[in-house]
Amino acid sequence: MPISPSSSAQAAREVVAHRLRDLRKGAGLSVTELAGRCDWHHSKTSRIENARTAPTATDIRLWCRATDAADQADGIIAQSLHAESMYTEWRTQVRSGLKALQGSEPRLFQDTQLFRVYSSSLVPGLLQTEGYAAGVLGISARFRDVPVDDSAEAARARVERSRIIHEPGHRLVAVIEEAALRHQVCDADAMAAQLGYLLTAGALPQVSLGIVPMATAGREQWPRETFHVYDDRLISVELVSARVRITQPSEVALYLKAFEQLRSMAVYGADARALILRAIEVLH
């Protein structure tokens, strides 16, 4: 089963912290002595070594210089930047509004040939209609106290971004829990339009839409956190507080294994359409 993505990001930070601690110990310096050479308080040294504070590039260069390891600075800086890029709090991503967030990684979408998405709670963004997306993003804007609620504009941008799956060379495999069809995150008309679109999108040759029935017995995986797979190189996991990016091959492989198990429990074609139609009937 996938390990906690936030734990994965913390583990990457700890690797950097341990490297710096080993440099200090290898140089025969105490925490206080290292702090003196770097001209900061000894408590900062402890916070960095215990992965409670992420070191800046300047911190790392001073540390390496103080331990006669200046030649290792660039490598540790790169490692630290990677660790911090794994875990990005939503509050730092929505400062410029939700619309800007929709187009923040155009190259990632253009370069990805196979999108795989698992969602236990929502229709995936690549399959969202504008009305449904506006409902989802409106909830997000209110929850995160976004200074300017641009959820309507963001919804249009999200739908525009989803056109990528209609371009040659791109495919989408989506697996969602049946419960995602029932969560009314927008008004009944918008919800009906979203479910109706799933009937159309699920029939597209470049789209595979699987739905895991709520009544599935003998599950190999319980409902997991939402995660996106970009080819076989990147996993993006959505948490309440942050988005976590995973590129470590062993962890990517673990998510791919979970995805395949979830996919094997899903129903497709006529059976999937029956679940969608049942959800539409409940709206009326």
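Modeller: Happy to! Let me begin with a cut-off: a residue is called buried when its relative accessible area is under 20%, and exposed when that value is over 50%. Please keep in mind that this is a predicted model.

The part I would pick is helix α2, which spans residues 31–38. Its buried residues are Leu34, Ala35 and Cys38. Looking down the axis of α2, you find these buried residues within an arc of 100°, so they line one face of the helix. There is a simple background to such patterns: an α-helix has 3.6 residues a turn, so residues three or four places apart point the same way. On the face of α2 turned away from the buried side sit Thr32, Gly36 and Arg37, which are exposed.

What follows directly after α2? Aspartate 39 does, with a positive phi of about 65°. That is a positive value in a residue other than glycine. Aspartate 39 belongs to the loop between α2 and α3, the latter covering 42–49. Its relative accessibility is 71%, and therefore aspartate 39 counts as exposed.

Two packed helices are described by the angle between their axes and the distance between the axes. Here the axes of α2 and α3 come within 8 Å and cross at roughly 110°, and the two helices are therefore roughly perpendicular to each other. On the α2 side the contact is made by Val31, Thr32, Leu34 and Ala35, while α3 contributes His42, Thr45, Ser46 and Glu49.

After α4 comes aspartate 68, whose phi is positive, near 55°.

Another aspartate with a positive phi is aspartate 231, where the value is near 50°. Aspartate 231 is found in the loop between β5 (227–230) and β6 (234–238). Is it buried or exposed? At 17% relative accessibility, aspartate 231 counts as buried.

Aspartate 231 also touches leucine 114, whose contacts, leaving aside its neighbours within four places in sequence, are Arg171, Val173, Val229, Tyr230 and Asp231. Leucine 114 is in strand β2, residues 114–119, and counts as buried because its relative accessibility is 17%. The C-alpha atoms of leucine 114 and tyrosine 230 are separated by 6.4 Å, although the two residues are 116 residues apart along the chain.

To set these details in the whole, the chain has 13 helices and 7 strands, and 48% of its 284 residues count as buried. Among contacts with a separation of 6 or more, 75% come from residues 24 or more positions apart. The chain exposes about 13900 Å², with carbon and sulfur atoms supplying 52% of it.

Terms used
Residues numbered from 1 in each chain as written. Predicted model: local features only at pLDDT ≥ 70, side-chain atom pairs only at ≥ 80, totals over all residues. Heavy atoms only, no water. Helix = DSSP H or I, 4+ residues; strand = E, 2+ residues; numbered from the N terminus. Buried < 20%, exposed > 50% of the residue type's maximum accessible area, 1.4 Å probe, protein only. Contact = heavy atoms within 4.5 Å. Arc of directions from axis to C-beta. Axes fitted to C-alpha atoms, helices over the stretch in contact; angles between N-to-C directions. Parallel < 35°, antiparallel > 145°, perpendicular 65-115°, else oblique. Areas by Shrake-Rupley, 256 points an atom, 1.4 Å probe, with all protein chains shown as cover.
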